[in-house]
Amino acid sequence: MATIQILPPGPKGLPFLGSLRQLQQDRIGFLTQNQRAYGDIVHYKLGPRHVYQLNNHEHVQYVLVKHADQFQKTPTLKNASKDSIGQGLLTSDGDLHKRQRRLVQPAFHHNRIATYADTMVNYTSDMLNDWENGKQIGMLNEMMHLTMRIVGKTLFDTDVTEAADSIGAAISVGIEAMSDRISHPLQLKEKFPTAIRRKRRAALNTIDETIVGFIEERQASGEDKGDLLSMLLMAVDEQDGGTMTTKQVKDEAMTLFAAGHETTANALAWTFYLLGQHPEIEQKLAAEIKTMIGTRRPTLADLPKMPFLEMVVKESMRLYPPAWTVSREAQSDFELGGYTIPKGSIVMMSMYVLHHDERYWEQPEAFLPERFAAANEENIPKYAYFPFGGGSRVCIGNQFAMMEAELVFATILQRYHLSLLSGQNIKLNPLVTLRPEPDIQMRIERREGVVEAEKAAVAV
Ligand code: HEM
């Protein structure tokens, strides 16, 4: 006798399309509404695909940590990345992923990333030297530019914003292409190249040529420039004694560039937005920075002395997680919460949804950095907060990103007070990362007595 599969509750959607239109119209609203209306496990269809939205922290842990081997990255992500960032850590699976992770991990060892702290502070100071007192700036734009320069320098030892070097712009076009493919998973392949596709193809060719050029130059010189690229080229697998091919190094470098700047830029922009709405918290943070650093240059050694700074960044990533969702494809049937979820289904977990769930957070919409004070943080259920994912595929750049965010904040807040321009209506724009839309406009005001910090800014 055939068994009838019992589906978890969820929106019914339309024939053929399923809930695709609802999702595309308001992604965050759709997912949040699903959790509220249907609970821990929600089923819906996106075109022909069955999707299971998991809203419980234990279910997140099941997929990302405890049974991670039974899940792979989704076909949508893999297809979208094929002709943009290639097959790097973010998109590979199984044994290939394990080997690549072993090879790339040493480049993110604490001692190695510590050497990038100077670059982070120098590039921030360089940006501040161009800021004019009393002027208005678009925060996301400014932070994107800054984090792109930082990742470009730490990755390739190159200033990607120099006019002669179009790699930064080209990589942005590549990421845009990937973002577009992910946002429109059912779009039909166009037979005829449109102007935008031609532009993207040209940009991707530029990236290929430039990065392969960097790699070949290094391979020929054998020089360790102290950047991530040198680490990738020098990496030898402890298990098979092999190294990466040029294509693998190129794909990993592209992946790090793509994954490593937009996320952090969003985290920074949203934090400034929150500080603009909560001047008392900005004052407390500025006071912590003043007490601990005064007017000298911030260093990596200063960060452990500024716990409030870390709490602010964490709470901002709770309210506005830059990576707002993770998905996997089930490789075999599995049981969860009383349901059988079949092989080939997509399981989807949204940081945004769990980070705003009142079962886990009192006053979930309030900006309360104290939630992350050491004594309180330990009471947060595991995986109710997961801005960097978890398990064997946890963000490889999480320490890099936290260090960068904190150093950038300390350097900016030491010298400037920022306030929000009135009358703005900032909305969530959930693309691959969660962006503010339109850009957050802020007025910058120099603090008194920061001459020393300005002088200490080292030329980049
Ligand atoms: C605030 C900043 C950042 C956030 C919120 C963030 C978030 C994430 C998340 C959620 C994942 C897991 C994705 C999944 O499981 O499907 C991830 C993976 C990854 N991230 Fe980040 N990330 C940030 C910064 C960075 C930086 C600075 C780098 C590199 C310089 C980086 C490189 C990567 C890579 C390579 C992966 C794939 C790891 C793997 O699958 O083995 N990220 N990130």
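I started at the ligand, where 23 residues lie around it and Gly260, Thr263, Gly389, Cys395 and Gly397 come nearest; a residue counts as near if its C-beta atom, placed from the backbone, lies within 6 Å. I noted that this is a predicted model, in which local features need pLDDT of at least 70 and side-chain atom pairs count only at pLDDT 80 or more, while totals for chains, interfaces and linings use all residues. Residues are numbered from 1 along each chain as its sequence is written.

Next I asked which helices each supply at least two residues of the shell around the ligand. They are H12 (246-277) and H17 (398-415), and H12 gives the most, with seven residues. Helices here are DSSP runs of H or I with at least four residues, strands are runs of E with at least two, and both are numbered from the N terminus. By class, I found 15 nonpolar, six polar and two charged residues in the shell, where Ala, Val, Leu, Ile, Met, Phe, Trp, Tyr, Cys and Pro count as nonpolar, Asp, Glu, Lys and Arg as charged, and the others, Gly among them, as polar.

Turning to the whole protein chain, I recorded 18 helices and twelve strands. The radius of gyration is 22 Å, close to the 23 Å that the globule rule gives for 460 residues, so the chain is as compact as a globular protein of that length; the radius is taken over C-alpha atoms, and the rule is 2.2 Å times the number of residues to the power 0.38. Along its principal axes the C-alpha trace spans about 80 × 55 × 45 Å.

I then looked at the sheets, where two strands pair if DSSP finds at least two bridges between them. E3 pairs with E5 (residues 326-330) in the antiparallel sense over two bridges, and I saw Gln72 standing opposite Glu329 in E5.

Another open sheet has three strands in the order E4-E12-E9, and its pairing is antiparallel. E4 and E12 (residues 441-446) pair over three bridges, and within E12 the bridge partner of Gln136 is Arg443.
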